[in-house]
Amino acid sequence: MTNGELRSLAYGYGFARAYFLPLPDFVRHDDEPSIVWEASEYPWAEVSLLLVSAYRPYPEGCRIPAYYIASNASYHASVALCRELETRGVECARRELPIKQLVLKYGVGSPCRNSLVSLPGLGTRVVFQSLLLGSSREHPFAAESYEAVNEPCGACRACAAACPAGAIGEDGLDVKKCMRYYMDGADYPDWVYGVQRTHMGCEVCQAVCPRNAGIGFEEPPEDIRLAFDLNGLAEGNTKQARLLVGKNFTGRGKLTKEAVNFLKRDGKES
Ligand code: SF4
Ligand code: SF4
């Protein structure tokens with residue numbers, strides 16, 4: 001299997017892009033300190049494969065998190081792709097990598113004032129997955145070079161103006177002011193419950209970003225709409241929603257607490 005054949009296979013699994021990059025050449029990066037890369041763990045690995053899923057957000061006012069639904073589907077697609085590669089004799093492993101640093105270092109995307117990265121044609125409405133690949137005579141994978149992209153934000157301050165938490169300043173994102181910082185747990189500070197607009201996160205800065213202007217919106221399908229019915233979630237019926245967004249992110253009654261809060265803010269307490 002070649003790079004091109006693997007790329008075609010990845011498209012078949014729903015990925016929009018596949019970038020073949022070198023392995024990280026650092027152990028830990030200040031911008032992604034939670035990810036530690038130890039090349040010695042994978043002595044056979046020669047290439048980082050960044051898989052990109054693209055998604056369209058739901059219309060303004062919809063509280064269903066399009067990103068997390070896309071992220072969960074993307075995760076499962078990467079698991080299935082990795083399995084297929086293994087059955088075809090490819091050395092392969094899913095491994096969390098410092099994706100942002102790889103994207104910027106190899107010119108795949110541009111840095112954004114809100115700390116995300118933007119890819120040409122896809123904006124920031126993307127989900128990344130990362131695989132490690134070995135290379136062999138039968139499967140001679142190799143890192144590729146890409147025409148470097150670097151489109152700075154310039155004079156734009158749209159995200160800073162729109163952020164309900166005041167988390168974006170001249171120097172970029174103040175992580176601890178961003179709502180996303182608090183989303184790993186099930187209980188958020190009161191101020192987050194006061195300004196949160198979508199379940200499990202916040203996409204306000206992406207909604208106003210001109211990089212995403214051409215991507216548009218789509219209505220959530222009926223099954224997803226039903227799974228995120230606020231009254232149902234508030235009563236504890238979270239099973240379908242949790243399957244859609246991934247159980248790891250939604251334990252300890254998180255969706256129910258959010259739904260109760262949204263209903264309260266809407267004056268529709270159940
Ligand atoms: S995700 Fe929300 S809280 Fe965080 S920077 Fe963007 S708009 Fe602000
Ligand atoms: S809204 Fe403007 S400043 Fe913010 S990330 Fe997008 S382009 Fe950059």
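Strand β2 (residues 47–54) is largely enclosed by the rest of the structure, because seven of its eight residues are buried. Here, buried means that 20 or more other C-beta atoms, placed from the backbone, lie within 10 Å of a residue's own. Strands are DSSP runs of E with at least two residues, numbered from the N terminus. The model is predicted, so local features need pLDDT of at least 70 and side-chain atom pairs count only at pLDDT 80 or more, whereas totals for chains, interfaces and linings use all residues. Residues are numbered from 1 along each chain as its sequence is written, while chains are lettered from A and ligands numbered from 1 in the order in which they are written.

Two strands pair with β2, pairing being at least two DSSP bridges between strands. With β1 (residues 17–21), the pairing is antiparallel over five bridges; Phe20 is bridged to Leu49, and Leu21 to Ser48. Strand β1 is itself mostly covered, with four of its five residues buried. Strand β6 (residues 126–133) also runs antiparallel to β2, over eight bridges, and here Leu49 has Leu131 as its bridge partner.

Turning to the ligand, the residues surrounding ligand 2 include Cys112, Cys153, Cys156, Cys159 and Cys209, along with Arg113, Arg157 and Arg211. A residue belongs to these surroundings if its C-beta atom, placed from the backbone, lies within 6 Å. The shell divides into eight nonpolar residues, one polar and three charged; Cys, Ala, Val and Pro are among those counted as nonpolar, and Arg counts as charged.

Notes:
Buried ≥ 20, exposed ≤ 12 C-beta atoms within 10 Å, placed from the backbone.
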